[in-house]
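Thanks for coming. I will take one chain today and go through it piece by piece.

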Amino acid sequence: MKTKELTSLAMLLAITILLGIIPNIGIIQIGLVSLTILHIPVIVAGLMFGIKGASITGLVFGLTSLYVASTRAVFPIDLLFVNPLISVLPRLLFGFITGIICEKLVKKENIITYGIVGFSCSVIHTMLVYIALYIWGQKTLNIDIGVLSFFKYIVGAISINSIIEAIVAGVISALLMKGIKRLKRR
């Protein structure tokens with residue numbers, strides 16, 4: 001990576017950390033609903049730098065999530081994120097998968113493509129976290145919710161919280177990338 005790219009990546013990492021550690025900025029609590037925009041820098045890193053940049057940003061996202069869960073969990077489910085297999089691993093995989101999508105599948109660079117990538121990658125993030133919660137959260141809580149119950153849980157969560165997050169991620173990713181591309185042309 002060139003110095004300019006390293007500087008841009010460092011800024012995305014700093015934004016990720018700030019979004020995570022400042023309450024109600026990157027993780028917005030609205031009653032029982034927890035909306036996150038912490039995954040957006042990972043998507044932008046994927047669009048800008050591909051696999052390497054998105055993976056690094058995903059790792060920082062996961063570590064920030066682990067820190068937040070360890071220091072200021074709000075709901076009992078938040079305590080599950082103290083387990084790095086639930087907080088860090090899915091975010092690292094998310095970064096890697098986002099990088100692959102951006103590097104290998106994004107052929108046209110325009111605001112519509114950025115929005116679709118932001119939306120799609122947000123849904124992938126949600127699925128990875130819920131799968132990690134299913135695999136390792138049950139063991140932590142010493143329960144077995146079963147595959148059918150888990151499927152209902154996923155459908156319920158996706159139909160409300162995650163769709164809002166995905167739409168927000170799509171819009172913000174598209175606008176950010178439009179602005180970044182405009183700045184690069186100068």
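**P41 and the rest of the chain**

I start with P41, which counts as buried because its relative accessibility is 5%. Buried here means under 20% relative accessible area, exposed means over 50%, and partly exposed is in between, with a 1.4 Å probe and protein chains only. Before going on: this is a predicted model, where local features need pLDDT of at least 70 and side-chain atom pairs count only at pLDDT 80 or more, while totals for chains, interfaces and linings use all residues. Residues are numbered from 1 along each chain as its sequence is written, and side-chain values use heavy atoms, with hydrogens and water left out.

P41 sits in helix α2, residues 40-72. Helices (H or I, at least four residues) and strands (E, at least two) are DSSP runs, numbered from the N terminus. What does P41 touch, leaving aside neighbours within four places in sequence? The contacts, meaning heavy atoms within 4.5 Å, are L12, I15, T16, L19 and T57. For L19, which is 22 residues from P41 along the chain, the C-alpha to C-alpha separation is 9.6 Å.

Now the overall layout. The chain has 6 helices and 2 strands, and the order along the sequence is α-β-β-α-α-α-α-α. Of its 186 residues, 44% are buried. Taking contacts between residues at least 6 apart in sequence, 72% join residues at least 24 apart. The accessible surface is about 10,000 Å², and carbon and sulfur atoms account for 73% of that. These areas come from the Shrake-Rupley method with a 1.4 Å probe; for residues, only the protein chains shown count as cover.

Next, helix α4, residues 89-105. It has 17 residues and spans 23 Å from first C-alpha to last, close to the 24 Å expected at 1.5 Å a residue. That expected span is 1.5 Å times one less than the number of residues. The buried residues of α4 are P90, R91, F94, G95, T98, G99, I101 and C102.

That brings me to the cysteines. How many disulfides does the structure hold? The count is 0, where a disulfide is a pair of cysteine sulfur atoms within 2.5 Å. C102 is in no disulfide, and its nearest cysteine sulfur, on C121, is 5.2 Å away. C121 likewise is in no disulfide, with the sulfur of C102 as its nearest at 5.2 Å. C102 counts as buried because its relative accessibility is 9%, and C121 is buried because its value is 1%.

On to charges. A salt bridge is a side-chain nitrogen of Lys or Arg within 4 Å of a carboxyl oxygen of Asp or Glu, and the count by this rule is 2. One is K104 with E103, at 3.7 Å, N to O. K104 is partly exposed at 49%, and E103 is partly exposed at 39%. Another is K181 with E109, at 2.9 Å, N to O. This pair links distant parts of the chain, with K181 in helix α6 and E109 in the loop between α4 and α5, 72 residues apart. E109 counts as exposed, because its relative accessibility is 53%.

Last, the surface. I111, I112, I116, F119, I167, V171 and L175 make a nonpolar patch of about 640 Å². The elements giving two or more residues to the patch are α5 (111-141) and α6 (146-185). Patches are made of residues with over 30% relative accessible area and no salt bridge; like charges are joined within 9 Å, nonpolar side chains (Val, Leu, Ile, Met, Phe, Trp, Tyr) within 5 Å. Which helix gives the most to the nonpolar patch? Helix α5 does, with 4 residues; I116 lies in α5.
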